[in-house]
Amino acid sequence: MDLARILTIEDDATTADEIARELIFRGFEVDTVADGVEGLRLAATGKYDAITLDRMLPGLDGLSIASMLKERGLDTPILMISALNDVDERVRGLRAGGDDYLTKPFALDEMATRVEVLLRRRSADASKLVLRFADLELDLVAHVARRGGRDLRLFPKELKLLEVLLRNSGQVMTRTMIFEAVWGYNFDPGTNLIDVHVRALRRKLEGPGLKSLLQTVRGAGYCLRVE
Amino acid sequence: MLNSGIWRTTTFRLTALFGAVFAGGIILLLELVYLQTAQYLTARVDRTLQTEASVLARSRPETILPLFRREVARDPLNTLGLFSATGERVAGDTRLTPSDLTPDGKPRETTAGPGPARALAERTSWGEILIVERDTRQLTELRRIIRSALLWSGAIIVTLGLVAGVLLSARPLRRIRAMRAASEAISAGDFGTRLPVESGGDELDELATIANRMMDEAERSMAQARTVGEGVAHELRTPLTRLRARLDHACQDLDPNDPRRRLLEACVSETDAVLARFRALLRIAAVEARGRRVGIEEVSLGATVDQIAELYAPLAAEREITLEVEKAAGLTVRADGELLLEATSNLLDNALKFTPAGGRVRLTATSVGGIPTIEVADNGPGIAEAERALVTKRFYRSQASAHIEGHGLGLSLVAAVADLHGFELLFDDARPGVIVRILCRRSASS
């Protein structure tokens with residue numbers, strides 16, 4: 001994979017530096033800019049694969065930048081980063097054109113993982129009706145999951161969990177990301193609540209003689225991949 | 001506006017007192033005028049009586065009768081009478097008789113006539129008794145005039161005093177009310193509110209300014225205390241996250257059988273625990289700072305309970321705990337739905353954590369005395385009575401649960417959410433176990 005280019009629009013020098021360092025550490029090329037107007041100009045060039053965008057900026061605020069970019073037909077995925085942890089704020093951020101929303105303070109690897117997910121989502125086809133990974137398949141219309149042709153009996157939330165993992169297959173999903181994507185809540189679930197749900201799903205996915213697909217990534221989260 | 005509050009204001013009392021003193025002064029003044037005038041008029045009447053009597057008494061028996069007639073004709077207010085030494089009427093038309101008066105020449109008040117009068121009796125030089133009487137209706141008339149003047153002026157003064165009192169008190173009272181409203185808002189947790197200060201700079205303004213300065217100071221030190229804690233949590237998160245990443249990398253580099261790897265893994269999970277604690281702390285701070293900005297909406301308690309039960313069912317199953325859900329239909333409260341979910345999830349998380357395998361946890365949406373309530377009951381070890389007030393304190397961990405993983409912040413968050421809504425958080429003994437209730441009473445302010 002050639003180096004993906006990320007634009008970080010962030011006015012706080014320390015935070016910008018931390019974000020850039022973490023993303024470079026993950027193997028991305030990163031440009032940082034502190035000013036909203038300059039950020040919009042750079043983002044509009046279309047040479048970036050993803051953008052991290054601070055909500056509060058001098059010059060032009062994050063919401064306006066996001067909505068202007070979307071109006072110009074630019075589909076570069078945007079991770080909105082904000083100190084405002086309000087449901088309303090979150091909804092506003094996503095409506096303005098943010099593809100994901102992260103609240104300050106955030107863990108750097110959480111941020112980087114979300115950027116990776118955004119990069120992958122760009123290449124994945126969101127309109128697919130059947131999601132496949134290895135011998136696993138999920139029919140989004142019939143709400144049926146199969147492994148090697150055998151129907152899996154999954155509860156609605158387990159189907160949703162599987163869908164989220166399939167859409168991001170090969171990509172590490174943190175527990176917070178899973179909790180947000182499957183349940184839609186933004187609070188911190190008990191330490192092992194997500195683990196329990198993933199374990200329950202894993203028990204149903206796997207069987208004797210079958211390869212394990214749903215991997216635990218120690219200290220990070222979960223990932224759908226063949227070991 | 002004219003309710004009982006006005007009667008208690010200082011301005012009103014001062015005005016009323018002033019009115020009373022003024023009315024008293026007027027009464028005294030009029031009384032003095034009356035007394036002086038009455039004294040003067042009486043003295044004049046008495047002098048007239050005495051002059052007349054002395055003229056008549058010093059005349060002679062043969063001239064007295066013509067004098068008599070002349071006097072009566074001269075002054076219709078006077079009545080005369082001449083009586084023999086034995087008391088029989090010789091002349092004159094006074095209704096008085098010698099038995100009514102002592103013949104000593106001193107004027108006296110009499111009431112025998114048709115109206116008030118003064119009279120005197122005197123012996124003539126030849127031994128008959130002379131009575132001179134003078135009508136004093138004027139005096140009574142004067143007293144009546146003064147009394148009615150008193151009555152009217154008194155009524156006018158009292159009315160004016162009351163009206164002035166009410167008018168003068170209305171403004172201070174309105175300001176006091178504004179101050180009371182502001183103080184109530186402050187005690188309800190709106191620490192940004194200040195007492196209103198008008199530009200006049202009177203003693204109320206002075207007090208309000210002092211109180212405001214006091215509150216500025218209190219707010220500043222409160223904010224300082226809070227930001228120190230938050231700041232520490234905030235500042236330490238990034239380096240800790242980095243530390244964790246390094247430990248994790250180091251861990252990955254080691255052979256799975258290397259004993260050092262076990263050690264590093266323990267370090268990673270310790271760091272995770274610290275990070276979780278910081279997250280919880282910052283979350284509580286965020287909830288507390290949210291203050292009045294919560295997204296209040298109509299929330300169904302039944303739905304809240306269902307969602308949380310669905311979320312925790314696998315965890316309960318894995319811990320071999322029976323999770324029961326009960327809900328009364330149609331229970332709604334006005335609350336921030338997501339915060340209520342978070343609080344309920346913390347309560348259930350706690351119950352599942354502290355109940356041993358084989359135990360039972362019940363999650364209920366019910367109505368307690370008409371108040372919609374979320375209730376989580378378990379049959380675990382319970383909370384000792386003495387510890388109940390402490391469990392919502394940050395970082396407090398029950399002695400009985402020292403062996404169970406956790407950061408002691410879960411109930412603090414529940415308490416913060418309850419506080420934010422004006423809901424009540426109650427602990428009760430389930431014998432065995434504990435019942436925790438969030439009583440979602442409708443707060444008066446919302």
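Of the 227 residues in chain A, 40% are buried, a residue being buried if 20 or more other C-beta atoms lie within 10 Å of its own, exposed if 12 or fewer, and partly exposed in between, with C-beta atoms placed from the backbone. The model is predicted, and local features need pLDDT of at least 70, side-chain atom pairs count only at pLDDT 80 or more, and totals for chains, interfaces and linings use all residues. Residues are numbered from 1 along each chain as its sequence is written, while chains are lettered from A and ligands numbered from 1 in the order in which they are written.

Chain A holds eight helices and 12 strands; helices (H or I, at least four residues) and strands (E, at least two) are DSSP runs, numbered from the N terminus. Two residues are in contact if their C-beta atoms, placed from the backbone, lie within 7 Å. Among the contacts in chain A between residues at least 6 apart in sequence, 57% join residues at least 24 apart.

Strand E3 of chain A, residues 50–54, is mostly covered, with five of its five residues buried. In a regular strand the side chains alternate between the two faces of the sheet. In E3(A), Ile51(A) and Leu53(A) point one way, Ala50(A), Thr52(A) and Asp54(A) point the other way, and all are buried. Two strands pair if DSSP finds at least two bridges between them. E3(A) runs parallel to strand E1 (residues 5–9) of chain A, to which four bridges join it, and Thr8(A) stands opposite Thr52(A). Four bridges also join E3(A) to strand E4 (residues 78–82) of chain A, again in parallel, with Ile81(A) as the bridge partner of Asp54(A). Between E3(A) and E4(A) the chain passes through helix H3 (residues 62–71) of chain A, forming a right-handed β-α-β crossover; right-handed here describes a path from the first strand over the helix to the second that runs clockwise with the strands pointing away from the viewer.

A nonpolar core is a set of buried Ala, Val, Leu, Ile, Met, Phe, Trp, Tyr and Cys residues joined through C-beta atoms within 7 Å. The largest such core has 74 residues, and Ala343(B), Leu413(B) and Val417(B) have the most contacts inside it. Helix H7 (residues 337–354) of chain B supplies the largest share of this core, nine residues. Leaving out residues up to four places away in sequence, Ala343(B) touches Leu413(B), Val414(B), Val417(B), Ala418(B) and Ile438(B). A second, separate core of 33 residues includes Leu7(A), Leu53(A), Ile65(A) and Val115(A).

The contact between the chains takes 21 residues from chain A and 24 residues from chain B. On the side of chain A that touches chain B, helices H4 (87–95), H5 (108–123) and H8 (193–205) of chain A each give two or more residues, and H8(A) gives the most, with four.

In chain B, six bridges join strands E11 (residues 424–429) and E12 (residues 434–439), which run antiparallel. Asp428(B) stands opposite Ile435(B) in E12(B). The hairpin of these strands has four residues between them, and Arg431(B) takes a positive phi near 45° there. Elsewhere in chain B, Lys327(B) belongs to strand E7 (residues 322–327) and counts as partly exposed because it has 19 C-beta neighbours inside 10 Å.
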